[in-house]
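Trainee: I am new to this one. Could you walk me through it, step by step?

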Amino acid sequence: MKLLQGTVLSNTWVSPRYKHMSIHAPEIVEECKAGQFFHLKCSDSFSPLLRRPMSIYKIVKKEGEIHFLYLIKGEGTKCLANMHQGDQLNMFGPLGNGFTLQTEWHSLLIVARGVGLATMAPLIDMATKQGIATYAILSARTKGDILSADYMKECGAEVVSLTDEDRDSDVEHVRKMVENVIDSKSIDALFTCGSKRLTNMLKGISLQRKIPGQVAMEENMGCGSGMCFCCVKPFNRGGEIVNLRVCSEGPVFQLEEVMEL
Amino acid sequence: MKVSIGGVSMKNPVMPASGTFAEETAQIFDLSVLGALVTKSVTKYPRMGNRGPRIAETIAGMINAVGIQSKGSQVIRETSIPFYQQFNSPLIVSISADTADEFVDLAQELSVPGVAALEINISCPNLEDDGRSYAMDPTQTYRVVDYIRKSTQLPLYAKLTPNTNAITEVAVAAEAAGADAVVVANTMLSMVIDVETRKPKVGNIMGGLSGPCTKPVILRMVYQVYKKVGIPIIGCGGICSAEDAIEYMIAGASAVQVGTYNFVNPIGMVDIIQGMKEYAVRHRISSLSDLVGSVCVDEQTRIDKAAAY
């Protein structure tokens, strides 16, 4: 983890609600791992005061680039959206624990929704580079919000997209699709991000079928590095309820540890 | 830059506020640059803390309702205290308890080599009883500080709450009971509501406000307390720059604690120390202690105003 100034290379609208930002930060790129995040100072003023945690969307080691794909939602992301090529972005990271892959795994199923899609893209890249096949079920409000699908395909995933506007994104439908993929592709592990309902559903399948899983969690943060205990959530670790920090004990947790969200 | 706070020598007057600093900070900069190290409040037994969300941003500030999640005093004694020995800065352990007896137990358990002073958190507004705390009341403050004073030889810093209409009386009571310094102050009891859902934005309903928005209020309290007590004051409330720290010293603080700003700028305390050195050079001040309480107030105005409050 480092505190550094990255240089904005591009920051472009990719849909009416999302922007894609690429940052030149060669001093940090080698340390970055899928599932980790940066704590970004979005403004030089006291409004917004706090940093914003932002998961890594793309790591381009050769070019020294870190990319973020973000939904413009609150004050912090509005400030980020106003940054231009050449601007300096104050970044603190990479923070937290990323996804882990076991060497004996051959195929992974990824289920993601909304802003969670961006977090899963570098996981697919990492898995492909280790010779692991990936199948992704992506869910969002509209087709326009399924922004990572092309990059995920490029990284090597077989992708299915579901949307609320097409009325095929309800949890029961996703559950059936998940079970089909598990049966037909002999899935070794499950990964998810972005939806409480999908996480709960996937946890059920994970326990029932004894397939391990990992989930990337989101929470409002203070320090981002484990000091303030503001981003704590309850988890079930070995039968005991424990309060863990999303920033430093996560943001990636074992699916079986997640409590009913 | 050197200061002495209740018998603890510090190389400079800058230290972290409890709860905004931990072992992890050592990965960001060399902790030996700090005037002192202050732990997160320790309780006797492990505590889960409050349910989430525990943090909500406000204009130029934030509200937290962590509720003192603690691993218990034994873990702190076995892990944190030895860890901090590698740094050349005195360690101040913050202790928190729901009863005076538990405060005494903690003070005794943590009066061990490696601990330079105890900060007694008699002000945390997040605990039960609608956020009430010892430091809301001079009599309660005297009782608890006096009781702890008799149980340890270590210097005691009493951390006061701004959630009282009697901060000067509370500070006087802490001094009379044997506190070696007062920390002015903890967070301000506060609330934010999401108007879409009509739900409070923190799980505990209320929380403690911190950050730059609190600075003028706490600075005023430091000024008032300075007029009434002889022990050093550690100013704590919204410090985000060397100028803010200097302002606190001019109001009457002998040292300062930086809290929320550590989240905004993880190396903020390093920048503040550097900025204070530059200020001292620029103003030809040989010792920062010369600044303490040096606010230029017309004597008659001071007496009239102080009486009015």
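Predicted model: local features only at pLDDT ≥ 70, side-chain atom pairs only at ≥ 80, totals over all residues.

Trainee: What does the secondary structure of chain A come to?
Mentor: Helices (H or I, at least four residues) and strands (E, at least two) are DSSP runs, numbered from the N terminus. For chain A, that gives five helices and 15 strands.

Trainee: What is the radius of gyration of chain A?
Mentor: We take the radius of gyration over C-alpha atoms, and the globule rule is 2.2 Å times the number of residues to the power 0.38. For 261 residues the rule gives 18 Å, and chain A comes close to that, so it is as compact as a globular protein of that length. The radius of gyration of chain A is 18 Å.

Trainee: Is Phe229(A) buried or exposed?
Mentor: Phe229(A) sits in the loop between β12 and β13 (232-237) of chain A, and its phi is near 60 degrees, a positive value in a residue other than glycine. A residue is buried if 20 or more other C-beta atoms, placed from the backbone, lie within 10 Å of its own, exposed if 12 or fewer, and partly exposed in between. Because Phe229(A) has 26 C-beta neighbours inside 10 Å, it counts as buried.

Trainee: And is Lys210(A) buried or exposed?
Mentor: Lys210(A) is not a glycine, yet it has a positive phi of about 55 degrees. Its place is the loop between α5 (196-209) and β12 (213-216) of chain A. With 8 other C-beta atoms within 10 Å, Lys210(A) is exposed.

Trainee: Which strand of chain A does Pro94(A) lie in?
Mentor: The peptide bond from Gly93(A) to Pro94(A) is cis, with omega near -5 degrees. The bond from Ser47(A) to Pro48(A) is cis too, with omega near -5 degrees, but Pro48(A) is found in the loop between β3 (37-41) and β4 (52-55) of chain A. Pro94(A), in turn, lies in residues 88-95, which form strand β7.

Trainee: Which residues does Glu24(B) touch?
Mentor: Two residues are in contact if their C-beta atoms, placed from the backbone, lie within 7 Å. Glu24(B) lies in the loop between β3 (14-16) and β4 (37-38) of chain B, and it counts as partly exposed, with 17 C-beta neighbours inside 10 Å. Not counting residues up to four places away in sequence, Glu24(B) touches Ser225(A), Gly226(A) and Met227(A).

Trainee: How many residues does the contact take from chain B?
Mentor: Chain A gives 21 residues to the contact. The count from chain B is 29 residues.

Trainee: At what angle do α4 and α5 of chain B cross?
Mentor: Two packed helices are described by the angle between their axes and the distance between the axes. Axes are lines fitted to C-alpha atoms, for helices over the stretch in contact, and angles run from 0 to 180 degrees between N-to-C directions. The axes of α4 (residues 167-176) and α5 (residues 215-228) of chain B come within 9 Å. They cross at roughly 45 degrees.

Technical notes
Residues numbered from 1 in each chain as written. Chains lettered and ligands numbered in written order.
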